[in-house]
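Hello,

Here is the structure I promised to pass on. Please open it first, then read the notes below.

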Amino acid sequence: MSIEVGIIGASGYTGGELLRLLCRHPSLRVTWATSRQHAGTGVGEVYPHLRDFSDVAFSGPDLAGMPPGLRGVFVALPHVEAMAVVPALLERGLKVVDLSADFRLRDAGVYSRAYGHPHTAPALLAAAVYGLTEHARERVLAARLVANPGCYPTATLLALLPPARRGLLGPFGAIVDAKSGVSGAGRGLKQGSLYCEVNEGLTPYNVGRHRHQPEMEQELEAAAGGAVALTFAPHLVPLSRGMEATIYVAPPAGAGLKEVGAALREAYAGEPFVKVLPEGKLPSVRDVAGTNLCRIGVTDDPRGGRVVIVSVIDNLVKGASGQALQNMNLMLGLPETAGLDAPGLFP
């Protein structure tokens with residue numbers, strides 16, 4: 001018997017990716033998908049690649065139109081908009097995975113500074129589980145509300161949390177040089193996302209000021225048990241999807257590549273979606289396209305005493321919709337890998 005789920009804000013890139021992943025899910029069935037712009041239009045008309053896989057028509061955003069049989073809802077609304085609807089969903093007894101940033105930060109003041117808007121549901125911040133699944137599995141299982149991590153934090157934290165827990169970051173902390181495909185900017189029309197603006201370019205932006213940085217600092221400091229110096233430099237690259245983070249750390253005296261590699265391999269031994277490569281081998285974004293995988297490679301710079309970690313994900317899957325589905329699977333008592341075990345895309 002299928003479990004019914006809904007998607008609020010289903011016509012953006014993350015909502016569309018959720019529809020793609022869920023259309024072949026063995027246990028979950030989308031019976032409600034909202035879109036202000038496309039209300040009344042079939043999913044297959046907006047997403048032609050799903051025309052033969054979905055008979056759902058988009059609904060308006062009014063919660064009064066929500067079907068009574070839903071067990072879970074994915075909220076794929078922009079930041080600030082999500083917190084206006086999540087409390088009402090929880091009051092209806094639904095399991096909620098929020099793909100926005102509205103419940104990722106535990107401090108409402110930090111949220112307000114990062115996103116330029118006061119938090120209107122601060123009482124829920126303590127109850128929300130930060131859903132980096134491999135590091136929060138037991139809490140996700142029992143959660144009513146999961147705050148799905150951002151794409152940059154997912155690629156970065158999966159690489160840095162294991163060494164941070166072992167005190168391997170040292171006083172130097174970490175420098176994160178990260179690059180994202182254009183879909184990370186969303187589906188809305190923006191000059192910076194136009195073909196002529198992005199093609200044949202590589203553009204740094206919001207260096208040291210990106211709004212995902214507080215999210216990374218929050219989780220790293222909890223893992224390390226104290227402040228962590230973090231320099232974060234994001235870049236936009238001419239890819240539709242894909243994300244790579246090259247991370248530089250300087251372990252304390254007596255530790256190095258061997259210890260960092262061991263921390264990562266032991267943390268992710270047996271994990272279905274995080275794979276640590278043999279020492280010295282580094283991954284490419286091509287290796288994870290269309291999958292819920294994170295691949296991590298580790299090497300060193302012996303002249304500088306630094307360890308280099310390379311982490312790659314598909315920003316729309318493990319960095320957003322795939323991780324959201326991974327979390328919802330757990331929340332609804334389903335196998336974690338359900339709907340997520342297909343091979344990747346090539347070329």
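**Two loop residues**

Asn 206 sits in the loop between E8 and helix H8 (213–224). Helices (H or I, at least four residues) and strands (E, at least two) are DSSP runs, numbered from the N terminus. Phi of Asn 206 is near 50°, a positive value in a residue other than glycine. Asn 206 is partly exposed, with a relative accessible area of 47%. On the scale used here, buried means under 20% relative accessible area, exposed over 50%, and partly exposed in between (1.4 Å probe, protein chains only).

Glu 200 is in the loop between helix H7 (195–198) and strand E8 (203–204). Its phi is near 60°, again a positive value in a residue other than glycine. Glu 200 counts as exposed, at 74% relative accessibility.

A word on the source. This is a predicted model: local features need pLDDT of at least 70, side-chain atom pairs count only at pLDDT 80 or more, and totals for chains, interfaces and linings use all residues. Residues are numbered from 1 along each chain as its sequence is written, and side-chain values use heavy atoms, with hydrogens and water left out.

**Aromatic pairs**

How many aromatic pairs does a search of the whole structure find? It finds two. Rings of Phe, Tyr and Trp (its six-membered ring) pair if their centres lie within 6.5 Å; planes under 30 degrees apart count as stacked, over 60 as edge-to-face and the rest as tilted.

Tyr 111 and Tyr 115 have ring centres 5.0 Å apart and planes at 20°, so this pair is stacked. Both are in helix H4 (residues 108–115), four residues apart, which is about one helical turn. Tyr 111 is buried, at 0% relative accessible area. Tyr 115 is buried too, at 11%.

Tyr 152 and Phe 232 have ring centres 5.1 Å apart and planes at 75°, so this pair is edge-to-face. Tyr 152 lies in helix H6 (residues 151–165) and Phe 232 in strand E9 (residues 230–236), so the pair ties together parts 80 residues apart in sequence. Tyr 152 and Phe 232 are both buried; for Phe 232 the relative accessibility is 0%.

What does Phe 232 touch, not counting residues up to four places away in sequence? The list is Tyr 152, Val 176, Ala 178, Val 207, Gly 208, His 210, Gln 213 and Met 216. Contact means heavy atoms within 4.5 Å.

**Helix H6 and its partners**

H6 packs with helix H9 (residues 257–268) at an angle of about 110°, with the axes 8 Å apart. Axes are lines fitted to C-alpha atoms, for helices over the stretch in contact, and angles run from 0 to 180 degrees between N-to-C directions. H6 and H9 are therefore roughly perpendicular to each other. The cut-offs: under 35 degrees is roughly parallel, over 145 roughly antiparallel, 65 to 115 roughly perpendicular and the rest oblique. From H6 come Leu 157, Leu 158, Ala 159, Pro 162 and Pro 163; from H9, Val 260, Ala 263, Leu 264, Ala 267 and Tyr 268. By class, this contact has 10 nonpolar, no polar and no charged residues. Ala, Val, Leu, Ile, Met, Phe, Trp, Tyr, Cys and Pro count as nonpolar, Asp, Glu, Lys and Arg as charged, and the others, Gly among them, as polar.

H6 also packs with H10, at about 95° and with the axes 8 Å apart. Cys 151, Thr 154 and Leu 158 of H6 meet Lys 318, Gly 319 and Gln 323 of H10. These residues divide into two nonpolar, three polar and one charged.

Gln 323 is in helix H10 (residues 317–331). At 0% relative accessibility, Gln 323 counts as buried.

**Helix H1 and the cores**

Seven of the 10 residues of helix H1 (residues 13–22) are buried, so H1 is largely enclosed by the rest of the structure. Those buried residues pack against strand E1 (3–8), strand E2 (28–34), helix H2 (43–46), strand E3 (72–75) and H10.

The largest nonpolar core has 41 residues. Such a core is a set of buried Ala, Val, Leu, Ile, Met, Phe, Trp, Tyr and Cys residues joined through side-chain atoms within 4.5 Å. H10 gives the most to this core, with seven residues. Apart from it lies another core, of 38 residues, among them Ala 178, Leu 230, Met 243 and Leu 264.

Best wishes
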